[in-house]
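Hi everyone, thanks for making the time. Let me put the model up on the screen, and then I'll walk you through a few places in it.

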Amino acid sequence: AVEDAQLQMLSGLTSGAIPFGLLIFATAVTPAWCEEVLFRGYLMQMFSRRYRAWIVILASGILFGLYHVRATQLIPLSILGCFFAWVAWRERSLWMAMWLHFLNNLSAILAYQYWPETFDPTQPSTTPEAFIWFLALAGGVLATIVIHFLPANAHDSE
């Protein structure tokens, strides 16, 4: 029921009644900023006072997945949250995690805008699922490569 309500909300948002710029701000910019400040800023800082980095990253990711209240998306969102946490930890900054979070949310909005049937379990999808998974995987690999080759700001001793 919660997932249906979320999909209905997303459908309402992308119906064209809201200007596209406002839609991007409300569903990509604001959540990326607020969620990163909460999960990677505040919670990671609090957890890091008592626990090792890998526990902090894992806890932040799992809480991020639980926060989104989507049972079918718990594991993928937790993995995504762990990735954002690792990026924030590695960079000792929230900016890269915010940027990647924004790109993730933006890609979901664009996918829903151009391939809405992919999100409707009652409709056969005309978009090949392999293509969507390929795009998601390619984006994740590209982000990881870029982050890997960026100079790390800190954590040389950890």
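Let's start at G41, which sits in helix α2; helices here are DSSP runs of H or I with at least four residues, strands are runs of E with at least two, and both are numbered from the N terminus. Before I go on, please keep in mind that this is a predicted model: local features need pLDDT of at least 70, side-chain atom pairs count only at pLDDT 80 or more, and totals for chains, interfaces and linings use all residues. Residues are numbered from 1 along each chain as its sequence is written, and side-chain values use heavy atoms, with hydrogens and water left out.

So, is G41 buried or exposed? G41 is buried, because its relative accessible area is 17%. For that label, buried means under 20% relative accessible area, exposed means over 50%, and partly exposed is in between, with a 1.4 Å probe and protein chains only. Setting aside neighbours within four places in sequence, G41 is in contact with E36 and L94, where contact means heavy atoms within 4.5 Å. There is also A85, 44 residues away from G41 along the chain, with 9.2 Å between the two C-alpha atoms.

E36 deserves a stop of its own. This residue belongs to helix α2, which covers residues 20-47. E36 counts as buried because its relative accessibility is 0%. Which residues does E36 touch, leaving aside its neighbours within four places in sequence? They are P31, G41, F84, L94, A97, M98 and H101. With H101, the side chain of E36 makes a polar contact of 2.6 Å. A polar contact is a pair of N or O atoms within 3.5 Å; within protein, one must be able to donate a hydrogen and the other to accept it, and residues adjacent in sequence count only if both atoms are side-chain atoms.

How many salt bridges does a search of the whole structure find? It finds two, a salt bridge being a side-chain nitrogen of Lys or Arg within 4 Å of a carboxyl oxygen of Asp or Glu. In one of them, E36 pairs with R40 through their side chains, at 2.8 Å from N to O. Both residues are in α2, four residues apart, or about one turn of the helix. R40 counts as buried too, because its relative accessibility is 4%. There is also a salt bridge between E91 and R90, with the closest N and O atoms 2.8 Å apart. Again, E91 and R90 are both buried.

That pair takes us to α4. Helix α4 runs over residues 74-91, and its 18 residues should span 26 Å at 1.5 Å a residue; the end C-alpha atoms are 25 Å apart, so the two agree. The expected span is 1.5 Å times one less than the number of residues. Buried residues in α4 include L77, L80, F84 and V87, along with G81 and A85.

R92 is in the loop between α4 and α5, the latter being residues 95-114. R92 is exposed, because its relative accessible area is 56%. S93 lies in that loop between α4 and α5 as well, and it is partly exposed because its relative accessible area is 22%. A polar atom of the S93 side chain lies 3.2 Å from the backbone nitrogen of W95. S93 and R40 are 53 residues apart in sequence, and 9.0 Å apart in space from C-alpha to C-alpha.

Over to the surface for a moment. W54, L58, I62, L63 and L66 make a nonpolar patch of about 480 Å². L63 lies in helix α3, residues 53-67, and counts as partly exposed because its relative accessibility is 33%.

Finally, the whole chain. The protein chain has six helices and zero strands. Of its 158 residues, 33% are buried. Among contacts between residues at least 6 apart in sequence, 65% join residues at least 24 apart.

Conventions:
Patches are made of residues with over 30% relative accessible area and no salt bridge: like charges are joined within 9 Å, nonpolar side chains (Val, Leu, Ile, Met, Phe, Trp, Tyr) within 5 Å. Accessible areas come from the Shrake-Rupley method with a 1.4 Å probe; for residues, only the protein chains shown count as cover.
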